[in-house]
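Walk through this fold with the model open beside the text.

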Amino acid sequence: MDETNSLSEKELLQQSEVLKEFEKELMVQLDGLATNLPELYQGYANLVRETFTAAFDFISVSSDKSKKIGLAVEVLARGIEAYGAFKAAREHNKRLDKYLKIKQEYASLNKSKINRLKREIERKLPGSERLFDKFTSMNFDLSDKPKDLIIRQANLSLRYLTLYRTNLFLLALSEYLTKEFEAWSYGNQTSGVQKPDYYSVNAHLLDELYGVEDGFETIEALCDQQGRFTGADIILLSDPQLCIYSLQNVLCEIDMSAASPVVRTLISNNPGFKHYTRVTKDVRDHIKDNPGAKVWLACIIGAIITTLFIIFYFPAEGYKWWVLGIALAAILRIGIKNSKNAKIKHIIDGEQKTDETDASILQLCGYVEVKEIDYERKNTTSALIKGFFNM
């Protein structure tokens with residue numbers, strides 16, 4: 001990537017980071033309002049209730065008066081809670097207005113810069129696309145080639161891919177920023193356009209290379225090939241992001257023993273495959289594990305010990321077999337219950353391991369989680385009514 005393109009990337013990423021800080025600060029403030037203010041006033045309301053309840057313990061009043069005072073206290077307490085909800089809604093709207101004004105000022109100062117950067121990326125993208133398309137359509141005979149030559153060819157392919165992929169991402173980012181700035185200028189909190197990340201770019205590249213959304217079958221087919229590969233094949237087997245994107249929806253153990261020497265060389269030098277093997281190992285081992293086996297093994301040992309003890313040491317001969325039957329039935333019941341609990345825990349642990357593995361894989365694919373911000377303006381009257389009736 002040339003120096004000018006690096007500069008454009010740096011400027012665009014700086015603009016994106018500014019937006020991220022805007023969103024982060026606003027989210028923290030809005031979440032705090034939605035939680036802290038209503039809880040604060042609910043605390044005041046409970047204090048009113050507790051105070052009058054304590055007072056009734058010392059003051060003797062008739063049942064009729066007690067009910068009337070209790071009703072008045074409850075109305076007062078609910079009024080306090082309703083005011084807390086009303087104030088939270090009002091402050092929510094004030095914060096939205098405040099940050100919209102800040103974003104409008106920022107957009108006004110930086111709109112021309114974003115347009116300039118967008119034009120630069122649009123000018124550079126066709127060149128990197130031509131180089132990428134030309135390389136991916138080429139055929140290479142790598143049979144009987146030394147490992148260092150295969151690796152050099154793979155590294156060259158990654159240079160073409162990185163240049164094109166970066167330009168695709170920068171173009172998507174510049175378009176996103178342009179639409180966001182336009183939305184702010186028109187008084188909207190957001191354009192509604194999804195923020196781009198490399199995950200979406202990799203999806204586009206896989207579709208462009210092979211016309212598929214899931215490249216697992218493509219990788220499987222490539223593992224059976226011998227010496228002839230296209231540039232696209234070399235890229236898929238060499239790039240960490242594309243290969244792990246292709247594997248994200250499957251759980252498999254990568255066995256390269258039957259693959260060709262070229263495939264083994266490319267895969268063994270691809271950190272994406274190593275990462276996939278490492279993060280999925282816990283899930284694969286967990287699936288193979290039988291949680292009930294340990295429980296039943298303990299029950300069998302317990303049953304054997306119990307049987308031997310009762311047969312040889314139980315003093316009452318007439319009740320021996322009756323006691324043995326009860327003991328074994330109890331062990332069986334314990335085994336069934338504990339086996340069921342072990343399986344439930346096994347499933348819960350498996351789901352947690354799977355979620356952690358998926359998050360790790362998505363991150364390497366270039367996925368960036370975007371937290372939703374509540375940009376909707378609150379109706380203060382509605383909040384007041386709902387707060388009073390605890391709706």
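Phe135 is buried, at a relative accessible area of 3%. Buried here means under 20% relative accessible area, exposed means over 50%, and partly exposed lies in between, with a 1.4 Å probe and protein chains only. The model is predicted, so local features need pLDDT of at least 70, side-chain atom pairs count only at pLDDT 80 or more, and totals for chains, interfaces and linings use all residues. Residues are numbered from 1 along each chain as its sequence is written, and side-chain values use heavy atoms, leaving out hydrogens and water.

Phe135 has a ring partner. Its ring centre lies 5.4 Å from that of Phe140, and the planes stand at 45°, so the pair is tilted. Rings of Phe, Tyr and Trp (its six-membered ring) pair if their centres lie within 6.5 Å; planes under 30 degrees apart count as stacked, over 60 as edge-to-face and the rest as tilted. Phe140 is also buried, at 13% relative accessibility. The whole structure holds eight aromatic pairs. Elsewhere, ring pairs join Tyr106, Phe181 and Trp184 into a cluster.

Now the overall layout. The protein has twelve helices and two strands. Helices (H or I, at least four residues) and strands (E, at least two) are DSSP runs, numbered from the N terminus. Along the sequence the pattern reads α-α-β-α-α-α-β-α-α-α-α-α-α-α. Of the 391 residues, 37% count as buried. Contact means heavy atoms within 4.5 Å. Among contacts with a separation of 6 or more, 84% are accounted for by residues 24 or more positions apart.

How do two packed helices get described? By the angle between their axes and the distance between the axes. Axes are lines fitted to C-alpha atoms, for helices over the stretch in contact, and angles run from 0 to 180 degrees between N-to-C directions. Take H3 and helix H4 (residues 198–210): they pack at about 125°, with axes 10 Å apart. That makes H3 oblique to H4. Angles under 35 degrees count as roughly parallel, over 145 as roughly antiparallel, 65 to 115 as roughly perpendicular and the rest as oblique. H3 passes H4 in a right-handed crossing. A crossing is right-handed if the near helix is turned clockwise from the far one by less than a right angle, and left-handed if anticlockwise. On the H3 side, the contact includes Leu161, Tyr164 and Arg165; on the H4 side, it includes Val201, Leu205 and Glu208.

H3 also meets helix H8 (residues 261–268). Here the angle is about 60° and the axes are again 10 Å apart. H3 and H8 are therefore oblique to each other, and their crossing is right-handed. Lys147, Ile150, Ile151 and Ala154 in H3 meet Val262, Thr265 and Leu266 in H8.

Next, the core. A nonpolar core is a set of buried Ala, Val, Leu, Ile, Met, Phe, Trp, Tyr and Cys residues joined through side-chain atoms within 4.5 Å. The largest one has 55 residues, and Leu12, Leu205, Phe229 and Leu237 have the most contacts inside it. Helix H3 (residues 147–185) gives the most to this core, with 14 residues. Leu205 touches Phe132, Leu161, Tyr164, Arg165, Leu168 and Leu242, setting aside residues up to four places away in sequence.

Follow Leu19 next, in helix H1 (residues 3–58). Leu19 is buried, at 2% relative accessibility. Beyond neighbours within four places in sequence, Leu19 contacts Tyr106, Tyr176, Leu177, Glu180, Phe181 and Trp184. Its C-alpha atom lies 9.8 Å from that of Tyr106, 87 residues apart along the chain. Tyr106, Phe181 and Trp184 are the residues of the ring cluster.

Move to Leu236, in helix H6 (residues 231–238). Leu236 is buried, at 0% relative accessible area. Leaving aside neighbours within four places, its contacts include Leu206, Tyr210, Ile219, Leu242 and Ser246. The C-alpha atoms of Leu236 and Leu209, 27 residues apart along the chain, are separated by 9.0 Å. Ser246 sits in helix H7 (residues 240–247) and is buried, at 0% relative accessibility. Apart from residues up to four places away, Ser246 touches Leu206, Asp214, Gly215, Phe216, Ile219 and Leu236.

End at Asp144, in the loop between strand S1 (139–141) and H3. Is Asp144 buried or exposed? Asp144 is exposed, with a relative accessible area of 80%. Its phi is positive, about 60°, although Asp144 is not a glycine.
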